[in-house]
Amino acid sequence: MSAVDRGVEGESLRSPAETAARAAVLAEDLPGRRAPRLPAKRLRFVTGAAAQNRLAVAGLVVTVGLVLFCFVGPLLYRTNQTATNLILENRAPSAAHLLGTSPEGRDEIGQLMVGGQTTLEVAFSVAILSTAFGVVYGAIAGYIGGVFDAILMRIVDAVLAIPFLFFVVLLASIMTPNLFVIVLAITAASWLSTARLVRGEVLSLRTRDYVAASRVFGARHRYVIFRHLVPNVLGVVAVNATLKVADTIYIYAAMAFLGLSLPPPATSWGDLLTTGINNLFAGYWWQLWPPAIAIVLSVLAVNVVGDGLHDLVERRLERR
Amino acid sequence: MTAYLVRRFLQAILVMFIVSVIVFILLHSLPGGLVRAQLGPKASTYQVLQLERTEGLQRPLPVQFGVWLINALKGNLGFSYKMNQTVASLLIDYLPRTLLLVGISTVLAIAVAVPIGMWQGYRRNRPDDHVLNASTLILYAMPDFLLGVIFIILLSLDLPVLPSTATTFGASLGTDVAVLVLPILTLMLGNISYYSRYMRSSVIDNLLEDYVRTAYAIGNSSRRVLVSHVLRNSMTSTMTMIGLTLPYVFSGALIVEALFNFPGVGLLFWNASQDRDYPVLLGVVLVVTAAVVVGSLLADIGYAMLDPRVRYVRS
């Protein structure tokens, strides 16, 4: 029986259906936008490992390429992204502007770079923050167990029941949107799956002999949690964090579409896409498709990298 | 079975209680307080104090929570000063339309995704499986509103057969059907990619089980093994999965309603977020969450009905 199976059995308060659902999630090979990801038992049957790896490398190349495009690109391809130039507004692609211009007369390629910076910054910040918080919360809940664990996990259940986007929009409209608030609002709704995942793992890890041995030697709880338990769940958590990057790109785009974005001239891929949608009937296709492709490509690439990482961690877990 | 249902029901109530605590805390963490948020920055101190008194905002917080909770249970979710209507009456207008949208698209998504997933599981790693896999992955990575826009371009602009907005929803049955097609299609397609990928791995798992080998060994045809054994066993886990994904379906509805101007709770919520109409925002969150909790309760009951082990073991 694998560690994860025992984690599932250790949950006393769950309904059988929920337990079964989690067990089912274990055997699942999907990118984790909609469900907590846990190691799959039969993933190697599901996807040919070799094909998966080649795909993962391709995904990594695309991801790194996008990061370079957004952060190094502006150094090589210099455009004015702050001034409004109404003479150049909504120009179709030409030799001077290969992808045309925005409604403010800014070069569209430059817009993609600047917008990508915001999007990727938000995505990586949310992934790091929510993972850190989720790991600590889940590790504490799983390690202490009992009533305390039950209370902490009921809170997670409750927040998870609130539809994600409603929760994020609510938080963002209570506060004035700036970069920090946006990151905070998405984080507030993203740490839950990590907490569940880590708690399940810790629940099974804490009964291991080396934890008992460590306690016998006089180790404090804090030491056990951070020296033994957390390092052991890091592999699974890394996969989860990768997929969070993809999720956040997606969610941040949705927020921009709903009008929760930074004040101009700041922009993001979601903002650019929204502009493209608003100008749909004017026929400015160059404002619609480039950000659309950027979003889909980045979400796909990061998901594929996460899948590859998942495979890698899975193989390591099987040897454990 | 009864014990299981009672326990599951109590759990749902506990979750709703915690959600209402969270909503109450958010209500009281509004910038400048609830009264300022309602009256606006220009209100006089006298007005503020008066409204605070009538709304009972000077009492201790736990008492206020008790009063608010009892009111919420009675269906009194506050008053929208922006729309000049009670939140409850707004919800009675808007919620059924969203439930219709979510309900139809979920049912259709299941109806399409289950056969696709089964076919893919059965034809694992063949060319057609790879093609379907790649298409569902791309659909999966595509934001809902982009999907909707592509439909608008294809079916309302290039080939003008369907309306691109649903503002007129509720006018007459004939136009309603046409108006509903694009929102449902958009919401449905995102879910298909998820459900079918889930179904596929569930079927692949089941095909490795001993009972499948036995079923083949006693001379059943592939079709019979798939339809009468694998389908039911894969459906049980998919069923629960669908219950667990309900929050995401409602999130999708928010986007789709905003894109097509479909007058459901999502659009109500979106407009309220732009007007900073807090009673509506919080009322919608509470009611939508309740819908999700009830939905997953129903999914669990459905699961118990599909899977005899759940029915008998615990009771």
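Q: Is the crossing of α6(A) and α11(A) left-handed or right-handed?
A: In this predicted model, the crossing of α6(A) and α11(A) is right-handed. Helix α6 covers residues 108-144 of chain A and helix α11 covers residues 221-257. They pack at an angle of about 145°, and their axes are 7 Å apart.

Q: What makes up the contact of α6(A) with α11(A), by residue class?
A: The contact divides into 16 nonpolar, 6 polar and 1 charged. Among its residues are A:V122, A:F124 and A:Y143 of α6(A), and A:L229, A:K244 and A:Y252 of α11(A).

Q: How do you know how α10(B) compares in span with a straight helix of 39 residues?
A: At 1.5 Å a residue, a straight helix of 39 residues would span 57 Å. The end C-alpha atoms of α10(B) are only 44 Å apart. A kink of about 45° lies at B:T245 in this helix, shortly before the proline B:P247.

Q: Why is α10(B) called largely enclosed by the rest of the structure?
A: A residue counts as buried if 20 or more other C-beta atoms lie within 10 Å of its own. In α10(B), 28 of the 39 residues are buried, so this helix is largely enclosed by the rest of the structure.

Q: Which helix gives the most to the side of chain B that touches chain A?
A: In all, 58 residues of chain B are in contact with 48 residues of chain A. Helix α10(B) gives the most to that side of chain B, with 12 residues. The residues of this side divide into 39 nonpolar, 12 polar and 7 charged.

Technical notes: Residues numbered from 1 in each chain as written. Chains lettered and ligands numbered in written order. Predicted model: local features only at pLDDT ≥ 70, side-chain atom pairs only at ≥ 80, totals over all residues. Contact = placed C-beta atoms within 7 Å. Helix = DSSP H or I, 4+ residues; strand = E, 2+ residues; numbered from the N terminus. Nonpolar A, V, L, I, M, F, W, Y, C, P; charged D, E, K, R; others polar. Expected span 1.5 Å × (residues − 1). Bend = angle between axes of the 7 residues up to and from the residue. Buried ≥ 20, exposed ≤ 12 C-beta atoms within 10 Å, placed from the backbone. Axes fitted to C-alpha atoms, helices over the stretch in contact; angles between N-to-C directions. Left-handed = near helix turned anticlockwise from the far one by under 90°.
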